[in-house]
Number of protein chains: 4
Amino acid sequence: MDMQEDPLRFGLIGTGRIGQVHAASIAANPDTTLAWVADPFVGGAEAVASRHGGRATDSPERLLASGELDAVVVASPTPTHVALIEACLDAGLPVLCEKPIDLDIAKVDALRPKVAASQVPVALGFNQRFDPAFAETRARVAAGEIGEPEHLSIVSRDPGPPPAEYIAVSGGIFRDMTIHDFDMARFFLGDIVEVSATGAQLFDEGAREHGDFDSVVVVLRAASGAIATITNSRRSRIGYDQRLEVVGAEGSLTVSNAPSSLVSVSTARAVEARRPYVEFFLERYATAYAQELAEFVELARGGKSTSPTFEDGRAALVIADAARRSAADGAVVRIDG
Amino acid sequence: MDMQEDPLRFGLIGTGRIGQVHAASIAANPDTTLAWVADPFVGGAEAVASRHGGRATDSPERLLASGELDAVVVASPTPTHVALIEACLDAGLPVLCEKPIDLDIAKVDALRPKVAASQVPVALGFNQRFDPAFAETRARVAAGEIGEPEHLSIVSRDPGPPPAEYIAVSGGIFRDMTIHDFDMARFFLGDIVEVSATGAQLFDEGAREHGDFDSVVVVLRAASGAIATITNSRRSRIGYDQRLEVVGAEGSLTVSNAPSSLVSVSTARAVEARRPYVEFFLERYATAYAQELAEFVELARGGKSTSPTFEDGRAALVIADAARRSAADGAVVRIDG
Amino acid sequence: MDMQEDPLRFGLIGTGRIGQVHAASIAANPDTTLAWVADPFVGGAEAVASRHGGRATDSPERLLASGELDAVVVASPTPTHVALIEACLDAGLPVLCEKPIDLDIAKVDALRPKVAASQVPVALGFNQRFDPAFAETRARVAAGEIGEPEHLSIVSRDPGPPPAEYIAVSGGIFRDMTIHDFDMARFFLGDIVEVSATGAQLFDEGAREHGDFDSVVVVLRAASGAIATITNSRRSRIGYDQRLEVVGAEGSLTVSNAPSSLVSVSTARAVEARRPYVEFFLERYATAYAQELAEFVELARGGKSTSPTFEDGRAALVIADAARRSAADGAVVRIDG
Amino acid sequence: MDMQEDPLRFGLIGTGRIGQVHAASIAANPDTTLAWVADPFVGGAEAVASRHGGRATDSPERLLASGELDAVVVASPTPTHVALIEACLDAGLPVLCEKPIDLDIAKVDALRPKVAASQVPVALGFNQRFDPAFAETRARVAAGEIGEPEHLSIVSRDPGPPPAEYIAVSGGIFRDMTIHDFDMARFFLGDIVEVSATGAQLFDEGAREHGDFDSVVVVLRAASGAIATITNSRRSRIGYDQRLEVVGAEGSLTVSNAPSSLVSVSTARAVEARRPYVEFFLERYATAYAQELAEFVELARGGKSTSPTFEDGRAALVIADAARRSAADGAVVRIDG
């Protein structure tokens, strides 16, 4: 940014775990300020406002009607996303919405034409696109360093399963957790045309109770012909397990897990033993969240941006739905356009 | 072996690339000697015999009838395996036969009762079971070091595709190449009950010409509930890519690629750069071939042995056939018994 | 800090590279604010104040006399340190002074009794003590994880030599660069009793011109009997080379270089090649500077602190002087008390 | 070797640990056979001969007089080396002698003119020159891959101290253990002109008893200006610790320890933990011993060879003596010619 501009005034809707991350990013970025914070649980809004600035309210409508905003971050529960995106469009406010857009593709498709027709930018919160390691890898793939991609392997294992109540409303592991990886597959390989998913209930009582899987493997075929493999688990004993490998015609690029320390120990029992990897996504993707906001500021200001779009959010959901069907039916599901 | 016994006298049938490996192992092992070598191309047999000992013939029948053998290694082309195993049984000679038993499961099933009824040991050449790293990993899994296995990932990429003529008679990548990984999946996870395979033609003209894949991903479900992912490619620019990871309830065990040197270089362009991995299977699995022979000697002598059996060979072939069908039909294939 | 206290008001003297680092740390720490900034080049003070807060002046005296400070950071040129520490003591202001205290041990010794007699805390800017990796390593050594330390190896190579004008006033590599490592040797091994130093002029014209070395190796013997080896160079092609290894009776702890990315590339030329390490100390020791400030706040508030003391600063200088003599005379120099 | 020649007939003098290694190498190499084995303890000679071939005797003289030899390996106790080398020269037999030539440089110098005047090749058993990793590193340094060498770091730690009786006759750690590293320093940097050594008695009763060190650091200056650091210990809990790093003007080459397995384990306690390194030199340098013999065969046959010479053996001893003096006097020792 060569020209000095006034900081963008943000409204934040939702002050759960992710909402708090966005509040901190907004407060830390010199190009942004937190002007309004809304949460039906107004205590949450007030706590965030007192820490990071802005006025608190229990009403998203009041926030949107304040006339004091340049952009909005939606971090409220998934069922509210579609209506809030629509309200932002109506208010002419660029919006960064957390994933997924909705659990119901029909509601997403109903909103789709309005988004397409609007000049107001809508960005989706696929923060992993902004992780320095993933972004570097994609840029190097694009620069031809390893030739044409042939296979992409994504491993994502969370430290431990969420509470059963979360599972109950999550929309299932494919739409809740794997959706990040579906977006990454598109980020690296472009359009996906075939989905084949395998799920298992191996350890999590909550998943079993709510008919969900705790472990899945998904195989995707891209329009380019390349194949992607996604491995997910709701549990990992070694810390947050986030790895990615792209194998191309001339070599491969690998993203390793993030070490929690530069120290290793060697003894008579074992050598080069390191502490487990960083604990979870707030630590692993801290830089990604900050960069996601920076890119969204560009977008909101009318500049070029690499922010994932509403269409990216929809495409990942389509794949998630296909994976769900594939895992249930034991058959490949084809995706048309 | 506490008691000193006379070396076991071996007959070797087939003197192609693998046959020569077995000849060298037999000559190097103090418990074995090479007594007879047979190959229809008698020049091959003579060359091996002159280097590693024994008499050469163009006739496997003559070898088996020599009365001078204690055991046989069959390393001839696949279509000859069933008849040769049967001949060894008839001759009362323990036999170590290269994989696969046959490309046609019907022929394997026809031989099956005879093998089951015979006292003569039949071992299958799944040499990777004897690789020190894989064997160590399995032993540590069995010892409970990482808890109950939940996911197994096997990556196997050859340095480059074989000639089109080889592809033509190989029985397809699942029965030719992936079969090793199917056996490894059983080695680690036990019985496999579901197979889902995805194949692609990405770079190899020979594969395209003969309706084969050059790249495949196979997802297996074990009776235990654990899931295995196998990733194969006929080409790898970084050397022979042979990795394995078992993730369990308490941690994971990982087998890395074999470095070709202990040296790394760091410059202004890159740090910790190493030479590509060892080139191919003769180098990577040299120790495995020697250990495979040692275990077979135990078996032939009537001792306890970890050698894979005829049933192991059949089971891997059943999975390979299922993978073939799954890749063609786009559906999970269930395996019964 | 359980009780909420008002932020500590800081005066910063000196706004060169390190001064700016401290200014940023003070501004970012919720327990501290920047109240006054002094630099004879008042433009520097004004720039820092406008960015991080506080009032600017060209006069350290005016800063100290403001009556608006709770603590001072001295980051001015080395020859001013002794007088400024003394002025802080007189003003009753806790002071964190950059290393070295002075190039002349006589001036340090002249100040010594006054520091010892004063109740006002004086801390030395040996920031590496606060690096998470070094601090973790020391804590694990102290916890007995590797038994009694026997050998400490410290490698420190800067990306490139400073300008010749800097070398001219630096006091020589031992007092300018190695002094950090001397403090680390004491941090890990306690008192040092023998110093043997070897220096070379291998590549830097500035070092040659001013009779300094660009590459040194120093061997220290601790009172405990343990030996330390320090390897310094003013140039490193691979980025900032900062490694440490403690070998004890039961094993070793190793601090690796900080990778600049989690990505590695493998091709037909090389595998596992990574980008060069992080560039320099601001990046490598960013967390250390923040933690150094946090510990100093504890100290200034009268709490327990691990901040290095004036005596630590003196002891490192004594070793540096000994190293200088050793390198000149080709003999071991003993250190008494 | 393009021309097929008769295998070289070897006499082996001394059948201790190293003698047995040479016997095995000679038996395994198709270009060599073991013809005679001598050891005053004739049982040792007989055991070796019965395992690897040849005739046994208790008399080196008888071996040398047999008229049935083309070359000799001397692996007897150090005090016998000089006389045996001389006897080999008199017998016209190329000789590969274990290090050191003698503990007394005067005896070495007395033999020196005769070696220089003789046409019979004399090679010294500095096997580490033939280690694939060290040899590769030197070749890459020579090829200019990292520019002019500026610093060489050699770490060598044995798994555990030898018996006190061995220490008693070893000539001290510099002549017994560090001598390998002195040769490596010359191998990489050429002539050494200054030696500065520091020794300590930290854990080994045998070393203390016999006035020897169990831990040493030696700093060498090469004629080129480059500096080398050698770190030795008689004990290492992590297995055989053998590392080397050459830092040059454009980058560095690093030789890592040899892993004993490709397997690593990750759990909630630690990640990427590996088994300790290979145990000791027979395992670590197995290939080096075989290659050392192969090069000596070239030399004995009159071809070009990279075998270290008598002069190399003498030069390392001169450095060892200098190190001994330096450690005793606390002063740099200069080496002339």
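Modeller: Strands are DSSP runs of E of at least two residues, and helices are runs of H or I of at least four, both numbered from the N terminus. The model is predicted: local features need pLDDT of at least 70, side-chain atom pairs count only at pLDDT 80 or more, and totals for chains, interfaces and linings use all residues. Residues are numbered from 1 along each chain as its sequence is written, chains are lettered from A and ligands numbered from 1 in the order in which they are written, and side-chain values use heavy atoms, without hydrogens and water.

Biologist: Where is C:Asn257 found?

Modeller: C:Asn257 lies in the loop between strand 12 (251-255) and strand 13 (263-267) of chain C.

Biologist: Is C:Asn257 buried or exposed?

Modeller: C:Asn257 has a relative accessible area of 7%, so it is buried. Buried means under 20%, exposed over 50% and partly exposed in between, with a 1.4 Å probe and protein chains only.

Biologist: Which polar contact does the side chain of C:Asn257 make with another side chain?

Modeller: The partner is the side chain of C:Asp241, at 2.8 Å. The C:Asn257 side chain also reaches the backbone nitrogen of C:Gln242, at 2.6 Å. A polar contact is a pair of N or O atoms within 3.5 Å; within protein, one must be able to donate a hydrogen and the other to accept it, and residues adjacent in sequence count only if both atoms are side-chain atoms.

Biologist: Turning to chain D and chain C, how many salt bridges are there between them?

Modeller: There are six. C:Glu250 and D:Arg237 form a salt bridge, with their closest N and O atoms 3.4 Å apart. The term requires a side-chain nitrogen of Lys or Arg within 4 Å of a carboxyl oxygen of Asp or Glu.

Biologist: Now A:His151: which side chain of chain B does its side chain meet in a polar contact?

Modeller: The side chain of B:Arg157, at 3.3 Å. A:His151 belongs to strand 7 (residues 149-157) of chain A, and it counts as buried because its relative accessibility is 7%.
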